[in-house]
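Trainee: I have a new structure open and would like to learn how to read its side-chain contacts. Could you walk me through them?

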Amino acid sequence: YLAPGELDLAFNFPFAFSPWEAGAIGEVLEVSERLIHEVWPAWHLSNHDMPRHATRHGERAVRAAAVLLLTLRGTPVLYQGEEIGMADGVVPEERAVDRMGRDGCRTPMQWDGSPNAGFCPAGTEPWLLLAAGWEGRNVALQEADDDSVLALYRRLLAARRRHPALASGPYRTLAAPPGTLAFERTAPGERF
């Protein structure tokens, strides 16, 4: 689907479904770059049809995933809540909306500590239950914390805007010890 004159962007599902392991991710990146080097790729780790990466890979992967996604060559696609490390909610069968079982990754965005997490007005029942823990993981709390996942996403996005190497520089895999993924992005006068 990705070739000159074809689609402008398409999700790279092998990347999204890759095991959270440096070798597996590195292999997908190598194959992807070899196959689509002439076009601009799109990368995602979560979407409305699959469990969020925080659910699949755990809390330890949330920050590393942000760094990986926002330093690769191409367009990073963020799914709502990813920028605060949001995990899937548990939706009881009697509250399920989607017959395919995808409701957990579709729970409402956690904006603040108000009723319904600021997703809808107090007294209004959201279409799905909120994910557990929303009171301690929401945008309002993270905006006040310079070490939050949200702050990390904002710093990484600012770096992409500020540095041509991260915005549009080529991708090149670097040799690294087992269990490590290393790559570089370059532009005149810059190397990351």
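Predicted model: local features only at pLDDT ≥ 70, side-chain atom pairs only at ≥ 80, totals over all residues.

Trainee: How many aromatic pairs does the structure hold?

Mentor: There are four aromatic pairs. A pair of rings is described by two things, the distance of the centres and the angle of the planes.

Trainee: What do the distance and angle say about Phe15 and Trp43?

Mentor: Their ring centres lie 4.9 Å apart and the planes meet at 70 degrees; over 60 counts as edge-to-face, so this pair is edge-to-face. The two residues link distant parts of the chain, with Phe15 in helix H1 (residues 13–17) and Trp43 in strand S1, 28 residues apart. Phe15 is buried too, at 2% relative accessible area.

Trainee: And how are the rings of Tyr171 and Phe183 arranged?

Mentor: That pair is tilted, with 5.1 Å from centre to centre and 35 degrees between the planes. Tyr171 sits in strand S3 (residues 171–173) and Phe183 in strand S4 (residues 183–187), so the pair ties together parts twelve residues apart in sequence. Tyr171 is buried at 10% relative accessibility, and Phe183 is buried at 18%. Elsewhere, ring pairs link Phe11, Phe13 and Phe17 into a cluster.

Trainee: Now for charged side chains. How many salt bridges are there?

Mentor: The count is eleven salt bridges. One of them joins Arg52 and Asp88, whose closest N and O atoms are 3.9 Å apart, inside the 4 Å cut-off. Arg52 is in the loop between strand S1 (42–44) and helix H3 (53–57), while Asp88 is in the loop between strand S2 (75–77) and helix H5 (139–143), 36 residues apart.

Trainee: Is Arg52 buried or exposed?

Mentor: Arg52 counts as buried, because its relative accessibility is 1%.

Trainee: Which residue does Glu143 pair with?

Mentor: Glu143 forms a salt bridge with Arg154, with 3.1 Å between the closest N and O atoms. Glu143 lies in helix H5 and Arg154 in helix H6 (residues 149–162), so the bridge ties together parts eleven residues apart in sequence. Glu143 is partly exposed at 48% relative accessibility, and Arg154 is partly exposed at 45%.

How values were computed. Residues numbered from 1 in each chain as written. Heavy atoms only, no water. Helix = DSSP H or I, 4+ residues; strand = E, 2+ residues; numbered from the N terminus. Buried < 20%, exposed > 50% of the residue type's maximum accessible area, 1.4 Å probe, protein only. Phe/Tyr/Trp six-rings, centres within 6.5 Å; stacked < 30°, edge-to-face > 60°.
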